[in-house]
Amino acid sequence: METIIRGIPVSQGIAMGPVYVLGSFEAKLPPSYLPDEEMIPAEVERFQNAVAKAQSEVEKIKLSVQADAKQDVGPIFEAHILILSDRPFKSEVLRRIQRNRMTAGYAVQCTIGEYVRGLKDKPFLNPRINDMQDIERRLLRAILDRQYEDLHSLGRKVVVIARDLTPSQIADMDRVNVLGFATNIGGTTGHAAIVARAREIPAVVGLGNITDTITSGTEVILDGTRGLLIVQPQDNTRTAYEKIQADYRRFGVELMSEAGWPTVTMDGCRIYIQGNIEFPHETDSIIRNHADGIGLYRTEFLYVDNKGEPNEEVHFDAYSRVVKAMSGRPVTIRTLDLGYDKDFHLQDNDSYLTERNPGLGCRAIRYCLANPDVFRAQLRAICRASAFGEVKLLIPMVCSREEVQKVVGLVRNVQERLSDEGAAYDPDMKLGIMVEVPSVALVLDHFCDIVDFFSIGTNDLIQYLLAVDRTNEQVAQLYRPEHPAVLRILLNVIKTANDNHVPISMCGEMAGDPLFVMFLLGLGLRNFSVSPPQMPEVKRIIRNSSLAAATAVVDSALELSSPRDVRNFLRVEATKFA
Ligand code: PEP
Ligand code: MG
């Protein structure tokens, strides 16, 4: 029977196909075999690494529970260690991989399943069943973590369902076989959602306990535009969605044919459309979309590809590639915004869990100033890359003038050292700050004399202004860019920057949302930085609008006191200029 489950739409598009439940260790893996004999050694290694990882996890837990005299659970973990080092168990799994060509995960599941069935006849051994199942979950978690990287080894197209996905897992997804994804948790402007949009992977988040209620192989339609997961769709639903999908494709082709047209309003105002990127290879799509430059390069994504701390050469290689490819068009490189939901490098050692409130913790510039060696390596690489084209340095999460002054001092030191070494750099490189903390937005005039430009980060500005975690699906309905407080703070920010003749752009997701383009134009924003797939639509709205019409939209929107009224009003206006 067809069932419609409603979630939060985060990345447009339609995906239709069988579900693959990933990382849900209560759900069973579908039978999966290696298509090629040559893949067997890698699969054996995957199993052996998973056993080693599970053993070290269990050892750690055993030590920590032993330290707590109140808990007498040490023997449980000793039993787990015994199972993990049990030769017959391991040879049985290896036999399934080597002889039957099962994937490591499926081989573990079958082997443990057989053990458990045997134990069920012996009630006095029931506790062993729990131990075996616990080991199964631990091993599968270790194996599947790595399997995210090669979903294509399933050999078929799937809609991925997971409890949660990190930005790096989405960045690594095989775009051919992963048709779309849905998760139990998440929010619209979390970084997982941002990467999904950049990669044009249809996605819905915040679906509650979907991983518990759906099994691999179930047919679904995922509607990333309306935020729906339609389970076991009827034939007429499927036909309707096939038509919507075809319309989307046609609209996309039509918009792309206009990509190179100049972005000028009907009354002759030139608007600059730059792009946001996370990885150097995305420069291709920036160029394809005829962007005026890169308004935000999120460099923390270097940690996705690089297992350890990227050194200066790793930074330099990435930045110089992007700057050269942009052939003189500006590239705004943002310094590391690590922490919060982008703790790529910390996830391996669990230390990211030590901050109780990471959104308000040692994130971004706070982290960089507290780790000067990490920061200096990046600053040196950015300065060196500035020798190849126009580079602008952007500092995230700035809260005070002191932070800016410290960065200015560090950049100066780095440049002096580079001069001593005879290395080339641009001595006039511009330095700007993200406006994403409400206190900075409110006293922006205090920053006008110490920066060269501003970039508004609405993703964080909204979460801090409205006290709503951008990644939490439970409060997603409170995350409202159309909130009158957001509109008013943006009015203040853009006006202050323009009055003081400090260039200002917006790189938060609001800049690429067709609903807000007219409003932002009316506030005086002339530089938008958006994800490449959003560019054609934003450009079309601007070409169809005039500054006079945009000013009228602002006047009316600012008079409305409820977010719902603002949204309804802007929705009607947006259709006039689409
Ligand atoms: C923002 O906060 O709006 C922004 C662009 O930065 P990020 O999404 O990387 O936090
Ligand atoms: Mg931000």
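I looked up the space taken by ligand 1 and found that this space is the largest cavity; a cavity is a set of points, on a 1 Å grid over the protein atoms alone, where a 1.4 Å probe fits but cannot get out. I note that the model is predicted, with local features needing pLDDT of at least 70 and side-chain atom pairs counting only at pLDDT 80 or more, while totals for chains, interfaces and linings use all residues. Residues are numbered from 1 along each chain as its sequence is written, and side-chain values use heavy atoms, with hydrogens and water left out.

I then listed the shell: 17 residues surround ligand 1, each having a heavy atom within 4 Å of the ligand. The closest are Arg-298, Arg-334, Gly-457, Asn-459 and Arg-470.

I checked polar contacts (pairs of N or O atoms within 3.5 Å). An oxygen atom of ligand 1 lies 2.7 Å from a side-chain N or O atom of Arg-298. For Arg-470, I found an oxygen atom of the ligand 2.7 Å from a side-chain N or O atom. The protein covers 100% of the 290 Å² of accessible area that ligand 1 has on its own (Shrake-Rupley method, 1.4 Å probe).

Finally, I recorded which helix gives the largest share of the shell: H17 supplies three residues (helices are DSSP runs of at least four residues).

Definitions and conventions
Chains lettered and ligands numbered in written order. Polar contact = N/O pair within 3.5 Å; in protein donor to acceptor, adjacent residues only side chain to side chain. 1 Å grid on protein atoms, 1.4 Å probe; cavity = no way out; pocket = protein on both sides within 12 Å on 5 of 7 lines; lining within 4 Å. Sits in = over half its atoms within 2 Å of the grid points. Helix = DSSP H or I, 4+ residues; strand = E, 2+ residues; numbered from the N terminus.
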